[in-house]
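Open the model in a viewer and keep the selection tool at hand. The stops below follow one another as a series of selections.

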Amino acid sequence: ECNYSTKTPGSLKVHMRTHSGEKPYKCSECNYSGSMSSSLALHMRTHTGEKPYKCSECSHSSRTADKLILHQRTHTGEKPYKCSECNFGCISSDVLKIHGRTHSGEKPYVCSECNYRFSQLGHLRTHMRKHTGEKPYKCSECSYSCSQSSNLKTHKLTHTGLMPYKCSECGFACAQSSHLKTHKLTHTGLMPYKCSECNYSCSL
């Protein structure tokens, strides 16, 4: 089938499954199957929650050794994967592949409801909540819920009273960056919103 060779018949038997598609190791919890017992053992951790690989710098733990290596780069600052189009660097080939779409314009993930396209699967999943109405992020202080974690983070500021966005021109402060951006127009005098029927314009 190919030019693969090995010292042991057992290894050859496992390799031949890449050609035959045989996956004899079945998960008892779901419909997953694998060609090697070690693959099944790794998969089972998605059910048990076991994360035996511990970070020495923080409380993070991973299911696999390679995932721990990726995490540790967030501490060391190592970014071995470099973009050939710009100076972007990252910790994994998967992240670099996603970044590459900002140059190519590729958007392989398509919404089945409205045909809107995305470069990342996570962005499509978030978008789909507009159609399904799903709001998985719940506030622990009140009945508020939303479709994005960033919106929940902003909402929680209404309970804490924190106003992290501050105007450099005056004492104005607010909980959302978009509100600060709008406020700054009062200092610049810009009126970006224009009426299509007359010459009226405004900043809000």
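Buried means under 20% relative accessible area, exposed means over 50%, and partly exposed is what lies in between. The model is a predicted one.

**Stop 1**

Select residues 1–24. The ends of this span, taken at the C-alpha atoms, are 20 Å apart, and 50% of the span is helix while 0% is strand. Helix α1 covers residues 9–20, and L12 is found in it. Colour L12 by accessibility: L12 has a relative accessible area of 37%, so L12 is partly exposed.

**Stop 1: the annotated spans**

Which residues does the UniProt annotation "domain: C2H2-type" cover? In the record, an unreviewed entry, the annotation is placed on residues 1–24, 25–52, 53–80, 81–108, 109–136, 137–164 and 165–192. Pick residues 53–80 from that list.

**Stop 2: salt bridges**

How many salt bridges does the structure hold? There are 5, and three of them are visited here.

Start with R45 and E50. Their closest N and O atoms are 3.7 Å apart, and the two residues form a salt bridge. R45 has 15% relative accessibility and therefore counts as buried, whereas E50, at 40%, counts as partly exposed.

Move on to R101 and E106. A salt bridge joins their side chains, with 3.7 Å from N to O. R101 counts as buried because its relative accessibility is 10%, while E106 is at 41% and counts as partly exposed.

Then select R129 and E134. Here the side chains meet in a salt bridge at 3.8 Å, N to O. R129, at 17% relative accessibility, counts as buried; E134, with a relative accessible area of 42%, is partly exposed.

**Stop 3: an aromatic pair**

A pair of aromatic rings is described by the distance of the centres and the angle of the planes. A search of the whole structure finds 1 aromatic pair. To see this pair, select Y116 and F118: the ring centres are 4.9 Å apart, the planes make an angle of 55 degrees, and the pair is tilted.

**Stop 4: the cysteines**

Finish with two cysteine pairs. C111 has a relative accessible area of 1%, so C111 is buried.

Next, select C139 and C142. The sulfur of C142 has its closest cysteine sulfur in C139, at 3.8 Å, and this too is too far for a bond. C142 is partly exposed, as its relative accessible area is 33%. With the 2.5 Å cut-off, the structure has 0 disulfides.

Key: Residues numbered from 1 in each chain as written. Predicted model: local features only at pLDDT ≥ 70, side-chain atom pairs only at ≥ 80, totals over all residues. Heavy atoms only, no water. Buried < 20%, exposed > 50% of the residue type's maximum accessible area, 1.4 Å probe, protein only. UniProt positions renumbered as here; feature names shortened; annotations may be inferred. Helix = DSSP H or I, 4+ residues; strand = E, 2+ residues; numbered from the N terminus. Phe/Tyr/Trp six-rings, centres within 6.5 Å; stacked < 30°, edge-to-face > 60°. Salt bridge = Lys/Arg side-chain N within 4 Å of Asp/Glu carboxyl O.
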